[in-house]
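Hello,

Here is the structure I promised you. Please open it and keep it beside this email while you read.

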Amino acid sequence: MDRRRIDLHTHSSASDGTDAPAALMRQASAAGLDVIALTDHDGFSGWPDAAAALPAGLTLIRGVELSAAATEPGPAGERKINVHLLGYLVDASHPPLAAACRSIRASRVDRARRIVQALADDGHPVDWARTQARARGSVGRPHIAQELVEAGLVDSVSAAFTREWIGPGGRYYQSERKIPALEAIALIRAAGGVAVFAHPGAHGRGATVSEQTIARMQQAGLAGLEVDHPDHDGPTRDRLRTLARDLGLLSTGSSDFHGDNKPNRLGDELTAAAAYEAIVAGASGCAPVAG
């Protein structure tokens, strides 16, 4: 039996994690992982340092987490629901994918600036220059959350992501550009990657999409669902696993590690070796890197 420990969703300081890519690779090895995917938000800048720092025995899957949105009918007309698509082993130089990532990152910075301004306008001691300085990669809401913690306004980064503060629908929440989910899948596939829907049942993050929408995503080339995730309870995992089986999708598991920004630990959730091998076999954008 293949007992490799495979964690296919992590973040470094190149996006909203707290650990530099090289340090993340060392932590992954210390945590007993055999395979780790680096899937920073909408960018690839952490890949070179991660690959250069790989300890012996650890394999790196280079990936990205694309910010997207799915459109569904609602009681008051169409509504957009945020979704995240993990793209594994993509070609980072693929022009349309690279351009989409640049556009999304620019929108995220603009959104962060608007949130900080709204907080400051209400008298909260949050500063744009300090927020920028916290981000060694692209500035985002986790860096604003760190400002709120330091100011004593919330007890933790997680506590900032509520309706009182900067969570979806929150008092200080601002929207950012999202590409359509089907377009995100097409971009990943065109760049030689394999697309997996990240935390599709994470109700605590806001509205989730219907099974009908997931079926449309499968028809557009979605390869898998991230079933085992810290934000999924038991019934949600059971439902998603059954849905994945019915649609012929892979089931994956991942920690969604962000360093100190979340309680999730490396290896908290794992992907079966068979699903991992199917992802590698289905990709042509780049290859795994072995330490």
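**What I found**

His 199 sits in the loop between E6 and H8. Helices (H or I, at least four residues) and strands (E, at least two) are DSSP runs, numbered from the N terminus. This is a predicted model, in which local features need pLDDT of at least 70, side-chain atom pairs count only at pLDDT 80 or more, and totals for chains, interfaces and linings use all residues. Residues are numbered from 1 along each chain as its sequence is written, and side-chain values use heavy atoms, with hydrogens and water left out.

**His 199**

Is His 199 buried or exposed? His 199 is buried, with a relative accessible area of 7%. Buried means under 20% relative accessible area, exposed over 50%, and partly exposed in between (1.4 Å probe, protein chains only). His 199 touches His 9, Glu 65, His 84, Arg 205, Glu 226, His 229, His 232 and Asp 256, leaving out residues up to four places away in sequence. Contact means heavy atoms within 4.5 Å. Look also at Val 227: His 199 and Val 227 are 28 residues apart in sequence, and their C-alpha atoms are 6.9 Å apart in space.

**Helix H9**

H9 covers residues 234–247. What should its 14 residues span at 1.5 Å a residue? They should span 20 Å, and the end C-alpha atoms are 20 Å apart, which agrees. The expected span is 1.5 Å times one less than the number of residues.

Thr 236, Arg 237, Leu 240, Leu 243 and Ala 244 are buried in H9. They cover an arc of only 130° around the axis, which puts them on the same side of H9. The arc is that of the directions from the helix axis to the C-beta atoms. These buried residues pack against helix H8 (211–219), strand E7 (224–228) and strand E8 (250–253). The face turned away from the buried side carries the exposed residues Pro 235, Asp 238, Arg 245 and Asp 246. After H9 comes Gly 248, with a positive phi near 70°.

Take Ala 244 as one example from helix H9. Ala 244 is buried, with a relative accessible area of 0%. Beyond residues up to four places away in sequence, Ala 244 touches Leu 225, Leu 249, Leu 250 and Ser 251. Ala 244 and Ala 215 are 29 residues apart along the chain, and their C-alpha atoms are separated by 9.5 Å.

H7 covers residues 181–190, and Ala 181, Ala 184, Ile 185, Leu 187 and Ile 188 are buried in it. They cover an arc of only 160° around the axis, which puts them on the same side of H7. What covers the buried residues of H7? The cover includes strand E3 (59–74), strand E4 (77–88), helix H3 (95–121), strand E5 (179–180), strand E6 (194–198) and H8. Just after H7, Gly 192 has a positive phi of about 80°.

H10 covers residues 273–282, with Ala 273, Ala 275, Tyr 276 and Ile 279 buried. They cover an arc of only 165° around the axis, which puts them on the same side of H10. Ala 274 and Ala 281 are exposed on the other side. The cover over the buried residues of H10 includes strand E1 (6–10), E2, E3, E4, E6 and E8.

**Loop residues**

Asp 42 is not a glycine, yet it has a positive phi of about 55°. Asp 42 lies in the loop between strand E2 (35–38) and helix H2 (47–52). Asp 42 is buried, at 0% relative accessible area.

Leu 89 is not a glycine either, and its phi is positive, about 60°. Leu 89 lies in the loop between E4 and H3. Leu 89 counts as buried, at 0% relative accessibility.

Leu 153 is in the loop between helix H5 (141–150) and helix H6 (157–160). Leu 153 counts as partly exposed, at 27% relative accessibility. Leaving aside neighbours within four places in sequence, Leu 153 is in contact with His 124, Pro 125, Leu 148 and Trp 165.

Best wishes
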